[in-house]
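Biologist: I would like to learn how to read a few features of this model. Please give the general idea and then the case at hand.
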Amino acid sequence: MILFVSGEYPPDVGGVGDYTARLRAALADVGWPSRVLTRSQVRRWDARALLWLLRTGRRSSIVHIQFQAGAFDLLGDVCLMPLLARRFLRGTRVVTTFHDVRHPYLFPRAGRLRDRAVRLMARFSDAIVCADQRDIRWLGGPSPRHHLVPIGPNISCEPPLDYDRAAFRQQLGLDPHTLAIVYFGLLNSSKGLDLLLDAFDLVIESRPDARLLLVGGEVSASDATDRATATAFGARLHQRSGGRVLRSGWLRPPDLSAHLLAGDLALLPYADGASARRGSLLTCAAHGLPIVSTLPAAPEVAGSIQAVAAEPRLLADTVLRLASDSAESRRQRAASFTLAGRMSWPAVAAAHVGIYQSLLYSER
């Protein structure tokens with residue numbers, strides 16, 4: 001039995017929670033059952049969560065931690081989990097997936113200790129999983145303990161059975177020639193939201209008919225900084241959108257899929273560049289959207305998207321070029337589908353099964 005430890009989990013809103021739920025389902029499909037330890041049990045990810053781990057981990061052969069500092073309240077206690085599991089859960093192997101390598105807060109003036117806390121977590125994990133080669137290098141890899149595994153799309157391409165794209169676009173107020181630019185994802189500081197609006201303002205100068213579709217929920221359940229970012233972003237929209245921005249709010253997966261399929265391309269100007277650890281990017285790819293994003297682009301996705309420097313004019317020009325070149329747009333759609341195919345959930349589950357088996361049938 002696998003015990004997943006995830007800072008957030010449905011019904012909480014958050015990418016890590018969505019990922020963990022999808023991974024558990026994909027593993028169950030191939031005969032690997034699991035349980036999950038999450039916020040609904042521990043309430044807060046402080047030292048008491050370590051006791052929860054020791055109590056619930058006794059019946060598990062593998063403890064698999066889904067680490068993202070923000071999902072664990074930016075507290076550092078979670079970084080001790082692999083060490084404690086090794087010491088007190090004899091025979092249990094620890095896998096840690098690093099959704100990014102952002103460090104926890106710890107305490108004022110912690111300085112370098114913050115990075116060391118994350119590396120300590122990696123040091124005492126039996127296996128380290130990342131979706132980005134850059135994270136593997138930061139965590140001391142590559143090595144036999146380090147595994148590059150994609151995260152899979154958050155939302156599959158499964159619109160309502162009676163979905164009609166043209167009719168749905170009309171419901172949204174989009175005529176057949178309207179350029180519909182999709183942004184999918186939570187509103188947090190890593191998503192380049194000011195850059196998104198600056199680039200969209202420049203697109204409007206050439207295409208006044210363009211619309212920006214903001215698809216999905218607004219803030220995660222765990223990262224308090226998201227709420228401040230979303231508030232500032234909302235204030236700017238109120239001042240400058242001029243009715244050209246459509247906000248969906250939280251949607252059920254079929255309805256979310258319908259909105260994504262209504263778009264012509266996706267604009268995802270991540271602050272740290274495009275990478276395969278971005279479930280929002282992979283979800284747009286699964287819906288066949290041509291993707292415009294920012295450099296540096298990780299090797300896993302670079303050949304499948306249009307990535308440029310994080311400058312509004314370059315992003316706007318790339319959007320306009322794709323919108324006006326139907327042949328190139330078709331090529332980018334095909335590239336998105338190919339990317340999504342390589343990072344499907346059955347492939348993600350198979351990679352994890354291989355990691356688990358290698359741990360269970362080998363000596364530490």
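Biologist: With which residue does Asp 132 form a salt bridge?

Modeller: Side chains of opposite charge can pair when their charged atoms come close. The term salt bridge is used for a side-chain nitrogen of Lys or Arg within 4 Å of a carboxyl oxygen of Asp or Glu. Asp 132 has Arg 134 as its partner, with the closest N and O atoms 2.6 Å apart. This is a predicted model, where local features need pLDDT of at least 70 and side-chain atom pairs count only at pLDDT 80 or more, while totals for chains, interfaces and linings use all residues. Residues are numbered from 1 along each chain as its sequence is written, and side-chain values use heavy atoms, with hydrogens and water left out.

Biologist: Is Asp 132 buried or exposed?

Modeller: Buried means under 20% relative accessible area, exposed over 50%, and partly exposed in between (1.4 Å probe, protein chains only). Asp 132 is buried at 0%, whereas Arg 134 is partly exposed at 25%.

Biologist: How many salt bridges does the structure hold?

Modeller: There are 14 salt bridges. One of them joins the side chains of Asp 126 and Arg 86, at 3.0 Å from N to O. Asp 126 lies in the loop between H5 and E5 and Arg 86 in helix H4 (residues 81–88), so this pair ties together parts 40 residues apart in sequence. Helices (H or I, at least four residues) and strands (E, at least two) are DSSP runs, numbered from the N terminus. Asp 126 is buried at 8%, and Arg 86 is partly exposed at 27%.

Biologist: Which residues are linked in a network of salt bridges?

Modeller: The network links Asp 135, Asp 272, Arg 277 and Arg 278.

Biologist: Which residues is Lys 191 in contact with, leaving aside its neighbours within four places in sequence?

Modeller: Contact means heavy atoms within 4.5 Å. With those neighbours left aside, the contacts of Lys 191 include Tyr 183, Tyr 270 and Arg 278. Lys 191 and Tyr 270 are 79 residues apart in sequence but 4.4 Å apart in space, C-alpha to C-alpha. Lys 191 lies in the loop between strand E7 (180–184) and helix H8 (193–206), and is buried at 8%.

Biologist: In what order do the strands of the open sheet run?

Modeller: Two strands pair if DSSP finds at least two bridges between them. Here 6 strands form the open sheet, with parallel pairing, in the order E2-E1-E3-E4-E5-E6. Strands E2 (34–37) and E6 (146–148) each have a single partner strand, so one side of each is left without a neighbour in the sheet.
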